Amino acid sequence: MDVSHDQDRPGPGGLWDVVVIGAGFSGLYLLHRARELGLRTRVYEAAPDVGGVWYWNRYPGARCDTESMYYSYSFSPELEQEWPLEERYPSQEKNLAYLRHVTDRFDLRRDIVFETRISGAVWDDEEHVWTVRTDTGDEVRTRYLVTAVGCLSTPSKPRFEGLEEFTGELLYTSEWPEDADLTGKRVGVIGTGSTGIQSIPEIARIAAHVTVFQRTPQYTLPANNHRLDPDFVKDLKTRYREIRERCRHSAAGTPYPVPTRSALEVPEEERIAAFEQAWERGGGRLLGTYTDILVDEAANETVAEFVRRKIREIVKDPRTAELLTPTTYPIGTKRIPLDSGYYETFNRENVSLVDLRRTPIERFTPRGIRTSETEVELDAVVFATGFDAITGSLLAIDPVGRDGLTLQEKWAKGPLTYLGIATAGFPNLFMITGPGSPSVLTNMPTAIEQHVDWVIDCLAHLEKNGIAVIEAGARAEERWTDHVGEVASRTLYPMAASWYVGANIDGKPRSFMPYAGGLGRFRKICDAVAAGGYPGFRLG
Ligand code: N01
């Protein structure tokens, strides 16, 4: 391919080949690969720096729940050898430092426009061009538009009556100010998902008092984070290529052993011993001890009950233990958090728990939060209330496709995609980790590399064959969306009111958004589509 032109500038008529939205894990890799293809590429990023979620989510205790060795790019053997692995689970600071390092090492920064949010995009079906609008009032034209906006990037900020009357500090975990200091303060935390569960123990260490406002109790597993033994890292790095290959073809993008037996076919004693071992070891592998934990209610209940027993053992006050114990959904069907001393935190004198099911928040007052039972006086309230997941950031851009169709109209009853990558009526628009892709059910960097590589191969095919337009077919999209739903229906996932199904956002249509068939299987399907000349897509 001819790469003699200046890729840092648009072509004739101010036309870019590729515009990418977002400079997190996806956008950075996309830029790197698109450049290799010789495409004039521009990335737009709302933040003042790279990093995506790892830029924004700086709350105390923010840490990744995938192990350091696997939560990274695999495309560069040199990069993976030189990057130091220090802790079992990488902290937010470490992940941000990694993405900054990658940006500079591959000289990506010069093609990224920071502090610029994409506010809209319109397809011109005659010229085969997307006109993309920024919040700074600029318009840019591009042949291909790629969304690399992440799955958990549009915060959900519930409105409570009286919020504006509150005279203390309001803090959102997803937009944590660098100078926030909760030392010696009376702090309320709303939300007990992964974010609340990571931040509450850290806040409790410095605050005068923490009041946790819990709507739904969560199962959480100990992370058992620790520094990595240098000899372990050295050995692992000699085998990195082979490990990466295993990750690529695994269901979850990680190289862990695959269980072979049902939880119900082993004697209880043996099962408990396996659970104990997984609990001690830490991480999410408790859910991977047997084949059927996420597909069979009785099997699931064996693990759920094991964790409930742990809660009762750890939490000294029986009433608090009971309130913290989940009973209304199977374990693992809401994304399982990994914690560092979450349940133990409720044994502290300076931590109390408010059960919002029994005593809901009525309103904020100038001094704090009033529940149906009492007024809690607070100096600061932390919102750890989650995200409009997977579709939120795409619908906020609300691209306008062929014949004036908007994405919001198209997805009014739920997202429809072909392979999670494209949607009919929106030609030359590619989504990285879109709805209908495995994304959040896997190790994200591994899934992202698969998506980006597939899109880049597709662009290479189009360029080589002089094809100006690619669009998902309506029939293929319908079949894929049905398949995504059908695969999910064979699991227990749809049984929880989770962000996976959109249940955390008022009015959001309910459907299980990620593809639960596994990354390895998804890769095979995508590869077959590419090898077969892109059946299901209209090329023209
Ligand atoms: O968000 P969540 P999150 N009144 O939606 C509650 C990833 N992540 O930011 O369960 C009162 O899980 C809500 O209650 P309920 C990871 O994939 C990863 O914690 O809806 N409460 C819930 O308790 C994760 O799953 C890492 O009843 C309200 C909480 O707020 C995803 O991000 C770290 C409320 C929201 O939990 C999202 O996690 C952090 C209201 N009006 C995040 N609205 C790691 O890598 C919501 N809630 C470790």
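This note comments on the ligand site, the sheets and one annotated segment of a predicted model.

1. Basis of the comments. The model is predicted: local features need pLDDT of at least 70, side-chain atom pairs count only at pLDDT 80 or more, and totals for chains, interfaces and linings use all residues. Residues are numbered from 1 along each chain as its sequence is written, and side-chain values use heavy atoms, with hydrogens and water left out.

2. Ligand shell. The ligand is surrounded by 25 residues, the closest being T192, T195, R215, T216 and K334; a residue counts here if one of its heavy atoms lies within 4 Å of the ligand. By class, the shell holds 10 nonpolar, nine polar and six charged residues. In this division Ala, Val, Leu, Ile, Met, Phe, Trp, Tyr, Cys and Pro are nonpolar, Asp, Glu, Lys and Arg are charged, and the others, Gly among them, are polar. Helix 5 (residues 194–206) gives the most to this shell, with three residues. Helices (H or I, at least four residues) and strands (E, at least two) are DSSP runs numbered from the N terminus.

3. A polar contact is a pair of N or O atoms within 3.5 Å. An oxygen atom of the ligand lies 2.6 Å from an N or O atom in the side chain of T195. Polar backbone atoms also take part: that of T192 is 2.9 Å from a ligand oxygen, and that of S194 is 3.0 Å from a ligand oxygen. The protein covers 88% of the 910 Å² of accessible area that the ligand has on its own, by the Shrake-Rupley method with a 1.4 Å probe.

4. An open sheet of five strands has the order 7-16-8-9-12, with parallel pairing; two strands pair if DSSP finds at least two bridges between them. Strand 7 (169–172) and strand 12 (351–355) stand at the edges with a single partner strand each, so one side of each has no neighbour in the sheet. From one strand to the next, the twist averages 20°, taken between axes that are lines fitted to C-alpha atoms. Strand 7 pairs with strand 16 (residues 380–383) over four bridges in the parallel sense, and E169 stands opposite A380 of strand 16.

5. Three bridges link strand 13 (residues 361–364) with strand 14 (residues 368–371), and I361 stands opposite T371 in strand 14. The hairpin between strand 13 and strand 14 runs through three residues.

6. Hairpin of strands 4 and 5. Strand 4 (residues 118–124) and strand 5 (residues 129–134) run antiparallel and are joined by six bridges. G120 has R133 in strand 5 as its bridge partner. Four residues lie between the strands of this hairpin, in which H128 takes a positive phi near 60°.

7. Annotated segment. UniProt, in an unreviewed entry, lists residues 14–32 as "transmembrane region"; such annotations may be inferred rather than shown by experiment. In the model, residues 14–32 are 42% helix and 37% strand, with the end C-alpha atoms 21 Å apart.

How values were computed
A polar contact is a pair of N or O atoms within 3.5 Å; within protein, one must be able to donate a hydrogen and the other to accept it, and residues adjacent in sequence count only if both atoms are side-chain atoms. Axes are lines fitted to C-alpha atoms, for helices over the stretch in contact, and angles run from 0 to 180 degrees between N-to-C directions.
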